[in-house]
Amino acid sequence: MEPHRKGSRARILLSSVFGPYAQDDEFGSRAINPMELYHNQVTRAQGSFSLRMFHRSWGIMLIQANISAPCCVLDFPTRAAFARELVTNQYDIVGISSIMVNVGKVREMCRMVRELSPNSVIVVGGHVAAIPGLETMIDADHIVRGEGISWMRRYLGEDEDAPIRHPSIVSGLQTRIMGVRLPQQQGGTAATIIPSVGCPMGCNFCTTSAFFGGKGKFINFYETGDELFDVMCGIESELKVSSFFVMDENFLLHRARAIGLLQRMKQAGKSWELAVFASANAIQKYTMLELVELGISWVWMGLESPRSSYQKLQDTDIGQLTRELREHGIRVQGSTIIGLEHHTPDNIVQEIESAVGCQTDFHQFMLYTPVPGTPLYQQMADQGRLLTDVDFADIHGQYKFNFQHDAISREDSKRFLDWAFLRDFECNGPSLYRMCQTMLQGWQRYKNHPDSRVRERFRRQAKKLSGAYNAALWVMEREFKKVNRTVSAQIHKLRLEVEKEFPIIARFTAASLGPILLWSTRREESRLASGHTYEPPTFVERRNWIAAS
Ligand code: B12
Ligand code: SF4
């Protein structure tokens, strides 16, 4: 690839694909595919108890922070905002970031650039780049597969091996639950930190592992615990946070780095909370005490079927592991795949029941989905089992199969998936309630722990539990009677336990805030019933900026 003739003087626009997202349209937006993490694929069946929030497009934020050229990040634009930005700022390079479902939007954005800013070079990156033959589907000059910082640095003639500068990123925005938008206070939301991309485990369906090199490979931005600690300290002081959403596909797999981080946290007395993704085999490299001392407060873990052969699950009793983590105050987000090769209409109900029986705090269900670039996709293609007439906009694991399953039809794949979400909600209650259970267990176990960092962390959680969360329990126990009276009784019992632990404040908040929350929950329920959806705001952020002459 020839570097750009202007090098670091080139003016760059980095944009995510345009919205609105949560609606059906000709560019590939789908009502069932909102720009939300939890409501899209985790708490989607939980009605007004669903956790709603948006996450920024971290890939382009990271690229912007690591080049010296004047660069604008345009996140969640409308088509009009994208057009306006193109005509007002004479960009030399327009970078578009996208995943596969949004390829129709990338096509349209490329068309718009050619029309409105004909001198711009168009660069397309992100997971969309793995689509075979993409160059014939969109009008772009460069399609970048894999890691983008080093590519962009190379393209601008900059040092691609320079250390990675981590931007300060607030992990979630406009958080909303039970009809209430939570106030966005400084330090109130975790910061996102991205130690690496890819995962060496190389599960056959895994698109992120495949995109960054596949089995045995990944790209580390920060090799050691020391490096990570320094980055986190910088972000802590800038954003005033004590919790971090660690966006690393398998953070705990890299034990030396995690333990190095723990040592530095101990030396500096940091009472941080870490939400991480980790496979079961990686979690088991640690004692519960190590996890707790490291501040692990949330684990996102694959719970594929006990009959699957994934290496990450070997020798693991997943139900037992989940229970143990929760008993130590660590919230568990399970992720279960529906439609594995061995699934049949006869055994799938049992497999879903067993996943639901793990009683995680949150549970994501996803259809087994061959995605371009993965070994699974290649295998399905070789076997002639890919359904060729499925729109990319519908290949996201939350709708219907995009391949011929041996035993389960495409229509039934959706039925089983929808049922799994519903079943988890009906049997285990709202995730917010389950989180409260875990938080109480953590508090009871660690409130007198000798390490003040650990005590402080659980004290922070207990403050929430005895406050607004207890009012939420009061509402959930009422509202859930309509769904499952046994769970409602369990919520009631938990509330009494919380009130026993914090007799004055917890009772006071339940009595004062409870009725208001009940009202907002019911109002939200009717809003949702009338089809109301949420969209993220547009962000425009310029760095190293010099106005166009
Ligand atoms: C945060 C996130 C989201 C956020 C939104 C992010 C956003 N603003 O777009 C939310 C939660 C809303 C979301 C939603 C969805 N997501 Co999502 N999401 C992620 C997640 C967890 C992290 C993304 C991230 O920041 N990674 C870290 C950064 C550094 O990596 P990166 O984005 O890949 O960027 C690097 C390169 O790709 C490249 N690059 C990226 N952009 C560009 C642009 C240019 C110009 C260049 C040169 C390079 C480049 O450089 C970057 C640095 O190396 C990933 C999983 C993952 N681990 O990546 C899934 C992931 C991206 N999501 C995925 C999917 C499928 C979805 C959904 C369809 C939900 C679903 N059913 O699973 C929806 C779609 C919503 C919609 N309407 O568009 C898939 C994409 C699969 C694919 N092959 O396309 C992923 C990979 C998860 C997975 N393993 O399946 N998601
Ligand atoms: S362990 Fe998780 S992140 Fe790693 S390859 Fe398997 S599915 Fe992907």
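Residues are numbered from 1 along each chain as its sequence is written, chains are lettered from A and ligands numbered from 1 in the order in which they are written, and side-chain values use heavy atoms, with hydrogens and water left out. Since the model is predicted, local features need pLDDT of at least 70 and side-chain atom pairs count only at pLDDT 80 or more, while totals for chains, interfaces and linings use all residues.

Helices (H or I, at least four residues) and strands (E, at least two) are DSSP runs, numbered from the N terminus.

Turning to atom pairs, an oxygen atom of ligand 1 is 2.6 Å from an N or O atom in the side chain of glutamate 147. A nitrogen atom of the ligand lies 2.8 Å from a polar backbone atom of histidine 396, and a nitrogen atom is also found 3.5 Å from a polar backbone atom of glycine 126.

Next come the pockets, computed on a 1 Å grid over the protein atoms alone: a pocket is an open set of points where a 1.4 Å probe fits, with protein on both sides within 12 Å along at least five of seven lines, and lining residues have an atom within 4 Å of a point. Grid points are joined across faces, edges and corners, and a volume is the space filled by probe spheres set on the points. Of its 46 lining residues, Leu182, Gly188, Thr189, Lys464 and Tyr469 lie nearest the centre. Helix H17 (residues 452-466) provides the largest share of this lining, 5 residues, and the lining comprises 25 nonpolar, 15 polar and 6 charged residues.

The second largest pocket has a volume of about 460 Å³. Its lining numbers 19 residues, with Arg326, Gln359, Tyr433, Gln437 and Gln441 closest to the centre. Helix H16 (431-446) is among the elements that give two or more residues, and its 6 residues are the largest share. The class counts here are 5 nonpolar, 8 polar and 6 charged.

Finally, the strands. All 5 of the 5 residues of strand E3 (residues 71-75) are buried, so E3 is largely enclosed by the rest of the structure (buried means under 20% relative accessible area, with a 1.4 Å probe and protein chains only). Cys71, Val73 and Asp75 cover one side, and Cys72 and Leu74 the other. Strand E1 (residues 12-16) runs parallel to E3, joined by 4 bridges; two strands pair if DSSP finds at least two bridges between them. Strand E18 (residues 539-543) pairs with E3 in the antiparallel sense over 5 bridges, and aspartate 75 stands opposite phenylalanine 539.

Definitions and conventions: Ala, Val, Leu, Ile, Met, Phe, Trp, Tyr, Cys and Pro count as nonpolar, Asp, Glu, Lys and Arg as charged, and the others, Gly among them, as polar. Buried means under 20% relative accessible area, exposed over 50%, partly exposed in between (1.4 Å probe, protein chains only). A polar contact is a pair of N or O atoms within 3.5 Å; within protein, one must be able to donate a hydrogen and the other to accept it, and residues adjacent in sequence count only if both atoms are side-chain atoms.
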